[in-house]
Amino acid sequence: SKTVLSTSSSFSSTPLIMSQDELKKTAAYKAVEFVESGMVIGLGTGSTAKHAVDRIGDLIQQGVLTNIVGIPTSIKTYEHALNVNITLSDLETHPVVDLAIDGADEVDPDLNLVKGRGGALLREKMIEFASKKFVVIVDESKLVDYIGASGLAFPVEVVPFCWKFTAHRLELLFEEADCVAKIRTSVETGEVFVTDNGNYTIDLYFKKSIGDLKVASDAILRLPGVVEHGLFVNMATTVIVAGEDGVTVKNK
Ligand code: 5RP
């Protein structure tokens with residue numbers, strides 16, 4: 001099902017041009033409307049999810065939300081959420097999460113996702129798997145016709161041991177999709193990027209469709225050396241998309 005909410009004012013004849021960051025913020029604020037006092041909330045990672053964390057922090061400070069417990073999906077989000085005074089916990093203390101809010105890199109028409117370009121896919125997947133509801137927040141640039149269509153990275157978290165071997169096996173697995181595997185390096189240092197879990201990330205680039213997503217997901221996970229991948233099949237319960245024409249809420 002689909003709901004469209006207009007963002008443009010009926011009093012203005014000038015079209016409202018929003019920056020990508022404003023669109024991200026609009027989607028994030030809409031998602032936070034689903035948060036209720038007393039909830040355990042999965043806190044996502046990335047520039048879109050950061051707006052949701054800020055908004056939750058503001059509403060706690062205003063006394064609108066009380067007894068909120070946040071479960072952060074990365075060290076970065078942990079630090080940011082602490083700064084905005086959200087009480088934090090983990091999956092061991094709170095194994096059931098009421099609602100998780102997070103961004104995504106690609107969203108297909110069936111609400112399957114690619115996540116992890118921000119480097120946090122493993123903790124994100126663990127926490128979002130444990131969530132009764134998983135609300136994804138994106139600006140419209142993240143919508144794709146099929147997974148891999150953006151031509152951007154499809155991340156796989158691997159153990160550092162013999163990562164070149166794992167990268168090669170991933171390329172072989174997706175030979176028919178003309179897959180190229182690259183180790184992720186840090187933009188700042190140029191060194192190999194190390195995840196919060198001490199692992200490496202191999203970014204896959206496809207020239208063709210990878211076919212059935214469940215089959216692809218299972219095949220990647222069967223490769224020794226792989227820890228987890230950024231394909232989130234059938235996990236999102238709601239996707240909130242902010243675009244120039246308004247906010248669309250898509251439910252699974
Ligand atoms: C981090 C993620 C992010 O949610 C994803 O990369 C989207 O990031 P942004 O909101 O900055 O566009 O999966 O691992």
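Where does His 229 lie? Select His 229 and you land in strand β12, residues 226-229. Helices (H or I, at least four residues) and strands (E, at least two) are DSSP runs, numbered from the N terminus.

Before moving on, note what you have open. This is a predicted model, in which local features need pLDDT of at least 70, side-chain atom pairs count only at pLDDT 80 or more, and totals for chains, interfaces and linings use all residues. Residues are numbered from 1 along each chain as its sequence is written.

**Stop 1: around His 229**

Stay on His 229. It counts as buried, with 26 C-beta neighbours inside 10 Å. The cut-offs are these: 20 or more other C-beta atoms within 10 Å of a residue's own make it buried, 12 or fewer make it exposed, and anything in between is partly exposed, with C-beta atoms placed from the backbone. Next, pick Val 158. His 229 and Val 158 are 71 residues apart in sequence, yet 8.6 Å apart in space, C-alpha to C-alpha.

**Stop 2: α1 against α2**

Select helix α1 (residues 20-32) and helix α2 (residues 47-61). The axes of α1 and α2 come within 8 Å and cross at roughly 45°. That makes α1 oblique to α2. Axes are lines fitted to C-alpha atoms, for helices over the stretch in contact, and angles run from 0 to 180 degrees between N-to-C directions. Angles under 35 degrees count as roughly parallel, over 145 as roughly antiparallel, 65 to 115 as roughly perpendicular, and the rest as oblique.

Show the residues that meet. From α1 they include Lys 24, Ala 28 and Val 32; from α2 they include Ser 47, His 51 and Leu 59. By class, the contact of α1 with α2 has eight nonpolar, three polar and three charged residues. Ala, Val, Leu, Ile, Met, Phe, Trp, Tyr, Cys and Pro count as nonpolar, Asp, Glu, Lys and Arg as charged, and the others, Gly among them, as polar.

**Stop 3**

**Stop 4: the ligand**

Which residues come nearest to the ligand? Of the 18 around it, select Gly 46, Ser 47, Thr 48, Gly 103 and Gly 118. A residue is near a molecule if its C-beta atom, placed from the backbone, lies within 6 Å of it. Helices α2 and α4 (121-129) each supply at least two residues of the shell. Helix α2 gives the most, with three. The shell divides into four nonpolar, nine polar and five charged residues.

**Stop 5: two positive phi angles**

Most residues other than glycine have a negative phi. Now select Leu 111, in the loop between β6 (106-107) and β7 (113-114). Leu 111 is not a glycine, but its phi is positive, about 70°. Leu 111 is buried, with 20 other C-beta atoms within 10 Å.

Finish at Asp 178, in the loop between α5 (163-173) and β10 (180-183). Asp 178 also has a positive phi, about 50°, although it is not a glycine. Is Asp 178 buried or exposed? Asp 178 is exposed, with 11 other C-beta atoms within 10 Å.

Definitions and conventions: Contact = placed C-beta atoms within 7 Å.
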